[in-house]
Amino acid sequence: MLSAFLFGLLVATLAIFWVVHRKRTAELKDLKVRIFKVQSEEQRMFNFLHGLGEAFAGELRPRDLHRLVVEGAVSVLDAHGGAL
């Protein structure tokens, strides 16, 4: 009787551990995806600002500045033509 109870307790413990492990694994995967998205957004923003800095260091016409800002905004926002 006691051995059946202990076996049942062991099975229940293993089942709970498995469920918690699966949940934590899914949460970890979601966090890795979110971190990747944030890092790629930071990289796009850095590239945009770096490009603006290089443009200001050289000769810059207003028309080129507007083009550079719009292209950078499209890149940073990861937008398509109508979304901007």
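**View 1. Arginine 67 and glutamate 71 pair up through a side-chain salt bridge, N to O at 3.2 Å.** A salt bridge here is a side-chain nitrogen of Lys or Arg within 4 Å of a carboxyl oxygen of Asp or Glu. This is a predicted model, so local features need pLDDT of at least 70 and side-chain atom pairs count only at pLDDT 80 or more, while totals for chains, interfaces and linings use all residues. Residues are numbered from 1 along each chain as its sequence is written, and side-chain values use heavy atoms, with hydrogens and water left out. Arginine 67 and glutamate 71 sit four residues apart in helix α2, so about one helical turn separates them. Helices are DSSP runs (H or I, at least four residues), numbered from the N terminus. Arginine 67 is partly exposed at 44% relative accessible area, and glutamate 71 is partly exposed at 45%. The cut-offs: buried is under 20%, exposed is over 50%, and partly exposed is in between (1.4 Å probe, protein chains only).

**View 2. Glutamate 27 forms a salt bridge with arginine 24.** Their closest N and O atoms are 2.9 Å apart. The two are three residues apart in helix α1, which means about one helical turn. Glutamate 27 is partly exposed at 35%, whereas arginine 24 counts as exposed at 51%. An α-helix has 3.6 residues a turn, so residues three or four places apart point the same way.

**View 3. Arginine 34 forms a salt bridge with aspartate 30.** Here the closest N and O atoms are 4.0 Å apart. Arginine 34 and aspartate 30 are four residues apart in helix α1, again about one helical turn. Aspartate 30 is partly exposed, with 40% relative accessibility. The count of salt bridges in the model comes to three.

**View 4. Leu2, Phe5, Leu6 and Leu9 make a nonpolar surface patch of about 430 Å².** Patch members have over 30% relative accessible area and no salt bridge; nonpolar side chains (Val, Leu, Ile, Met, Phe, Trp, Tyr) are joined within 5 Å, like charges within 9 Å. Areas come from the Shrake-Rupley method with a 1.4 Å probe, and for residues only the protein chains shown count as cover. Leucine 9 lies in helix α1 and is partly exposed at 45%.

**View 5. Helix α1 packs its buried residues against α2 (62–77).** Those buried residues are Phe48, Leu52 and Ala55. Contact means heavy atoms within 4.5 Å. Helix α1 (residues 2–57) has 56 residues and reaches 81 Å from first C-alpha to last, close to the 82 Å expected at 1.5 Å a residue; that expected span is 1.5 Å times one less than the number of residues.
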